[in-house]
Every structure is written in structure tokens, then in C-alpha cells.
Amino acid sequence: MEYIKEKIVHYWSRRVEDFSHLRIQELESEKHLLWLSELKRYLPDRKGLNILDIGTGTGFLAFLLAAEGHRLTGIDLTEDMIQEAERLSRVLELPARFYVMDGENPDFPEGSFDAIITRNLTWSLPHLDQAYARWRQLLKPQGILINFDADYCREQPPQTLPQNHAHKDLSSSMLQEYEAIKDMIRPTQKPRPLWDRELLEDAGYQNIAVDTGVWKRIYGQADQFYNPTPIFTITATA
């Protein structure tokens, strides 16, 4: 399955510049308040949490929570994404630690984090069962996993997108590369999020909950950030 990860790194290495630009726009828009509200639904109500952002990309979620006074660590398999996240950390003056690291097996001591967060990552992991098990080890007792994702491997290409949508500028080769990644991963997965619940139960998590209403709360407006694929939130405690 390593070849799938190589394909993913290649794809996202090509998208760093436009992806970073979009995330900055998202941070500067009211959309960041919607995401922050979703995170606060589940995070313990205290400052200074140790939080791991897996698949951080250019650091969007990490920066949201660093600005709230938490201690953030972000990891991503794509080196160019991590370099951009480090640059943005300096520009935004929001401290966070960033590392190039495989999200399926993060290299940290067990019990390091109060929370693990991730957005639009787990659909692309070829060994999701192993990842969930490893993440539970990294959480402190009663630590929480907050996963925003969608069943992207089974999504249909959108018929229409807003005129200012970010994906309007993607080349046909980039879109084909994205579809090829989905084709490779699809046979390894069952329909989600039902499958996620099964995997989390097998890994020993407690208090597993799925929220499908997050999609309309975040993407009620068809703007440049619009996601046509219904996302869900799945949360669980160690």
C-alpha cells in the first residue's frame, strides 16, 4: 500500500501553493468561526490542551486552536505542506510544531495528547484500522479524537460548482490524478461512517458518536470553500 501514499504525496506536493492560498482565505473569512465552533463542541473547556493535528496540510486547524491558547503539533506526510505550515506559523505569529510524519503511525510517546483532530484525511489512509488503534495509544485517558471527513471514495464528481470555487482552476490532469487515488483506495474501504464506528469499537474507543449535520452547518453557503460531498464528524474517547 506504500505506492498509494506515494501517489498522495505527489498529488498534494503539486497543490501546495493553491491549497495554502485557499486556507489563508478561509482563516480570514467567517468560515473559520464555523470550524472553531465545531471544534469547541467536543474539546474540553480549558486552555493549554496538547493537541495533535494529523494531516495538518498547511496548518489550518492547528492555527485556529493555537490562537485559542492550546499547544499544537501538526503532522503531514507531504514535506512541502509542512514547510508551508512552518512559514505560515511565522507569518501569522501563531506557534505550533510541525513535522513530516506518517499519519498512520505518528512517532510520539503514548499518552501525549489531550485531543487528536483531523480533517479530510482518514478517507485516504490505506490502513485506517491500524491508524485508529495507534491514535488511541497517543491519547491520554479520556482524551478525545475529533475526525471531520466524508466518504470521498464513493463521491460523485459534482455537476456544478460555484463560479469562484477553488476546484474550478484545477487542471484535467490534477482531477484525473485525484480520481485515480480514489480508485486505488476504494477497494480497501467499506461505506463510511458506519465502517469508522466498527473500526473505533474494535480499537477500544468509548463514547463513539457520529454527527452528519456538520455538513450543512459548515457548507450552508455555496462559496469558494464549498464542499459538495456531505462531511461527517466522528468523535470518540480513549
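In which strand does asparagine 207 lie? The legends below concern a predicted model, and the first of them takes up this question.

**View 1. Asparagine 207 and its backbone angle.** Asparagine 207 lies in strand β6, which covers residues 206-211. Although asparagine 207 is not a glycine, its phi is positive, at about 55°. Most residues other than glycine have a negative phi, and most peptide bonds are trans. The relative accessible area of asparagine 207 is 56%, and because the cut-off for an exposed residue is over 50%, asparagine 207 is described as exposed.

View 2. With a relative accessibility of 31%, asparagine 120 counts as partly exposed. The peptide bond that runs from arginine 192 to proline 193 is cis, with omega near 10°, and proline 193 has its place in the loop between α7 and α8 (194-202).

View 3. A search of the whole structure finds 12 aromatic pairs. One of them joins tryptophan 35 and phenylalanine 148 in an edge-to-face arrangement, with 5.0 Å from centre to centre and 85° between the planes. This pair links distant parts of the chain, since tryptophan 35 belongs to helix α3 (residues 31-40) and phenylalanine 148 to strand β5 (residues 139-149), 113 residues apart. Tryptophan 35 is buried, with a relative accessible area of 1%, and phenylalanine 148 is buried as well, with a value of 0%. The charged end of arginine 119 sits over the ring of tryptophan 35, 4.7 Å from its centre. Leaving aside neighbours within four places in sequence, the residues in contact with tryptophan 35 include Glu26, Phe60, Leu64, Ile218 and Ile231.

**View 4. The buried face of helix α3.** The buried residues of α3 are Lys31, Trp35, Leu36, Glu38 and Leu39. Seen down the axis of α3, these buried residues fall within an arc of 160°, so they line one face of the helix. An α-helix has 3.6 residues a turn, so residues three or four places apart point the same way. Among the elements that cover the buried residues of α3 are α2 (16-28), α4, β4 (113-119), β5 and α9 (214-218).

View 5. Ring pairs link Tyr11, Trp12, Phe19, Trp123, Tyr152 and Tyr178 into a cluster. The charged end of arginine 23 sits over the ring of phenylalanine 19, at 4.8 Å from its centre.

**View 6. The annotated region.** In an unreviewed entry, UniProt lists residues 51-143 under "domain: Methyltransferase".

Definitions and conventions. Residues numbered from 1 in each chain as written. Predicted model: local features only at pLDDT ≥ 70, side-chain atom pairs only at ≥ 80, totals over all residues. Heavy atoms only, no water. Phe/Tyr/Trp six-rings, centres within 6.5 Å; stacked < 30°, edge-to-face > 60°. Helix = DSSP H or I, 4+ residues; strand = E, 2+ residues; numbered from the N terminus. Buried < 20%, exposed > 50% of the residue type's maximum accessible area, 1.4 Å probe, protein only. Lys NZ or Arg CZ within 6 Å of the ring centre and 35° of its normal. UniProt positions renumbered as here; feature names shortened; annotations may be inferred. Arc of directions from axis to C-beta. Contact = heavy atoms within 4.5 Å.
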